[in-house]
Amino acid sequence: MEEEKNCVEKRLTKEMDEILNKYPRQKDSLIAILNEIQEKYGYIPKQCQMEISNYLNMPMAEIYGVITFYSRFTTSPKGKYNIAVCLGTACFVKGSQSILDRLKERLQISGGETTKDGKFSIDEVRCVGACGLAPVFMVNDEVYGNATVKMVDEVLDKLEKVEM
Amino acid sequence: MKTFGEIQAIREETRKMLDLRVNTQADTKEKHILVCHGTGCTSSKSPKIIENFRKIIEEKGITNVRVIQTGCFGLCAKGPIVIIRPEDTFYAHVKPEDCEEIINTHIVEGNRVERLLCKDIDGTVVQRLDELNFYKKQKRIALKNCGVIDPENIDEYIAFDGYQALHKVLTEMSSEEVIECITKSGLRGRGGAGFPTGKKWHFAKIEEAEQKYIVCNADEGDPGAFMDRSILEGDPHSVIEAMAIAGYAIGANQGYVYVRAEYPIAVQRLKTAINQAREYGLLGENIFGTGFKFDVDIRLGAGAFVCGEETALLESIEGKRGQPRVKPPYPAHKGLFGKPTVINNVETLANITRIILNGAEWYSSIGTENSKGTKVFALGGNVMNVGLVEVPMGTTLREIVFDIGGGIPNGREFKAAQTGGPSGGCIPAEHLDTPIDYESLSQIGSMMGSGGLIVMDETKCMVDIARFYLDFTVSESCGKCTPCRIGTKRMLEILTRMCEGKSSIEELNKLEKLALNIKKSSICGLGQSAPNPVLSTLKYFKDEYLDHVSYNKCRAGYCKALCNIVIDKEKCKGCHICAKNCPVNAISGDIGKPHEINQSICIKCNTCISKCPFKAIHTETI
């Protein structure tokens, strides 16, 4: 177990070096670096935060402050299926609240949380830009337009059967 | 690196090839199949459509047809959209499997695919794009190239006068003349506040500094607004060219586009466009051999609405939490990294090249006395033609919602239109004839905003809409100043209690007082405008608030805690469609006989209401 952990840490350090070396050691590189890490790992692991802190010579607290300020950055991993419900106004007036309520009810988690088995997470997002298809929800990158509560049930039924 | 002569040669040659895009009478055997590749149509598989078309054309060995990905055509409600030029045939809701039929019937046999032709609201089949009512009252300036050119091909942009404006300012105009031209045109900031663009440039110009910056604000956070995204996706070069012009005008040599990371297509198109412009020497050192140097870089946002506020945006580019600065000093004096900075919105910039080329008089002849030019709106919500519209200032709300937007679906009544997003207000039916310009909208308690225009029908509860916006503001408040951080939270709590029927008339008064205080005492635009959705709904829909606090009643039948969903026994024909669609099996009844809803199971998702073919299901106050 200990060995495995060391191995992961080493891999992460190596990958982090590759990412960090692309950016100048300036404070204004921070958000770009965080965006890249978020994109790559789906969240920003603590180890990465420490490496950034060393690289940019910035206190951890300041980095943590930036991470928690922006909604795109998360410090815990998202589920295998991240379901994002659009709560933009166009979707909202077409009933996206019912979609979100149903998801929360079925998965027993709130927005921004992940199920215990790591399979599902819910994101409340503001406008994914597909207002013509409102209301909209997304499962990872796939968009479901003109969504209904029934559609949510069908999608969840299907995904629940998929092995992890 | 290309000389101006070489650019001109590209322009002439490409323009000839593209004549069929804008001229339905073009004398050519070629055909261009244009497929929308904006975010809306991409979500409904337009990339697959492009792929299929290309595959089929290659298989069949057809040589006179090109398939082009374009930016947004505007009518998102009909997407994915395919347009065939020069004849301008408009195919709506195209699926990847329809491609073969379009190629066989339209391209090979020369007939139209009748079943895919777009239908207007009244049901008439539209043969050509410009026959659609949706386009008739529009005037496209900022969106001129959207849906016409391939945004990833700089030659196509050049063909339609691209980079001519930059050449003109660099070789024929002094920086003072450029600023004077923009000032005279009457262009005002399209981000919402409407500050005169020429004046902004002038303030930055007169500052003496070694380094100045141009920043393009593409952090379009207003939920339901997608104008800036569509411009970046459909015509990125127009923004880059305008930034270079602004750089020349104020004496800056570096520009930044601050764009949301949530707009992957826009980011990628911008990157491509910047690289192409650098390759052609239109960005970089010694542009057109004039010694002028300018470059543009992209900075990604990370999902914070407040970063649309200019000083918060600057903080974010500097790598910090996006908290607004106290003004003054204004960015034109002390902006990015403490240097004089001009921050312009995407749509503002998209107007610049047209003003330089067509002249200030041309631009100022469009619009109203104090609001010149056009405005792009993202029309959404309960309206038939959801999409992107560009209209001259002074167009009335009624024209936008009913003539262009095609009215309200499902035979429902118009209740309100919301402009300005979380900073704006709800406009009731009695003000439908208000001409859209900066002053008129703020007079009736709303604002121009960045251009989100959400239409709401009679089934929407205005208290709940106010709650929705406050919920947004609370989660997006940066926390720097107390009125916004704590005040909006208290407002949200009151509104939530109202929607649950747990409030009182005293709280209603408290809500109004809080709103006025927060408006007066917050640091930045976000806090100062956060109470607007409450104040405007209080102004026009006070009865609904009174219903909620005095009688625990929601007249729109929307607030779940105050309503039940019931089936009208007289109207129900027992078709069982509602029961089939109910996700929780709360509806029971024999076929042919009136059905019933078990209130203890019902989750009030409203699915049955929308599915009932006899309009027999409705909400009822408890």
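Reader: In chain A, where is confidence lowest and where is it highest?

Author: Because this is a predicted model, confidence is considered before any detail. Chain A averages a pLDDT of 90, and 97% of its residues score at least 70. The lowest confidence in chain A falls in helix 1 (residues 2-20) of chain A, at a mean of 81, and the highest, at 96, in helix 4 (residues 60-69) of chain A.

Reader: Which element gives the largest share of the side of chain A that touches chain B?

Author: In the contact between the chains, 38 residues of chain A meet 41 residues of chain B. Two or more residues on the chain A side come from each of helix 2 (30-41), helix 4, helix 5 (89-92), helix 6 (96-107) and helix 7 (149-161) of chain A. By class, that side has 19 nonpolar, 12 polar and 7 charged residues. The largest share, 5 residues, is given by helix 2 of chain A.

Reader: What distance separates the centres of domain 1 of chain B and domain 5 of chain B?

Author: The domain assignment of chain B places domain 1 at 4-131 and domain 5 at 560-621. Between them in the assignment are listed domain 2 (162-364), domain 3 (374-457) and domain 4 (462-551). Taken over C-alpha atoms, the centres of domain 1 and domain 5 of chain B are separated by 43 Å.

Reader: Which strands are the edge strands of the open sheet in chain B?

Author: The open sheet has 4 strands in the order 2-1-3-4, with mixed pairing. An edge strand pairs on one side only, and this applies to strand 2 (65-70) and strand 4 (89-91) of chain B.

Reader: Which residue stands opposite B:Ile33 in strand 2 of chain B?

Author: Strand 1 (residues 31-36) of chain B pairs with strand 2 of chain B in the parallel sense, over 6 bridges. In strand 2 of chain B, the residue opposite B:Ile33 is B:Val67.

Reader: How is helix 21 of chain B oriented to helix 24 of chain B?

Author: Helix 21 (residues 505-521) and helix 24 (residues 542-551) of chain B pack with their axes 8 Å apart, at an angle of about 140°. The contact is made by B:Ile505, B:Glu507 and B:Leu508 of helix 21 and B:Tyr545, B:Val549 and B:Ser550 of helix 24. By class, this contact has 4 nonpolar, 1 polar and 1 charged residues. Angles over 145 degrees would count as roughly antiparallel, so the angle of about 140° makes helix 21 of chain B, relative to helix 24 of chain B, oblique.

Key
Residues are numbered from 1 along each chain as its sequence is written. Chains are lettered from A and ligands numbered from 1 in the order in which they are written. This is a predicted model: local features need pLDDT of at least 70, side-chain atom pairs count only at pLDDT 80 or more; totals for chains, interfaces and linings use all residues. pLDDT is the predictor's confidence in each residue, from 0 to 100. Two residues are in contact if their C-beta atoms, placed from the backbone, lie within 7 Å. Ala, Val, Leu, Ile, Met, Phe, Trp, Tyr, Cys and Pro count as nonpolar, Asp, Glu, Lys and Arg as charged, and the others, Gly among them, as polar. Domain bounds come from an automatic or database domain assignment. Two strands pair if DSSP finds at least two bridges between them. Axes are lines fitted to C-alpha atoms, for helices over the stretch in contact, and angles run from 0 to 180 degrees between N-to-C directions. Angles under 35 degrees count as roughly parallel, over 145 as roughly antiparallel, 65 to 115 as roughly perpendicular and the rest as oblique.
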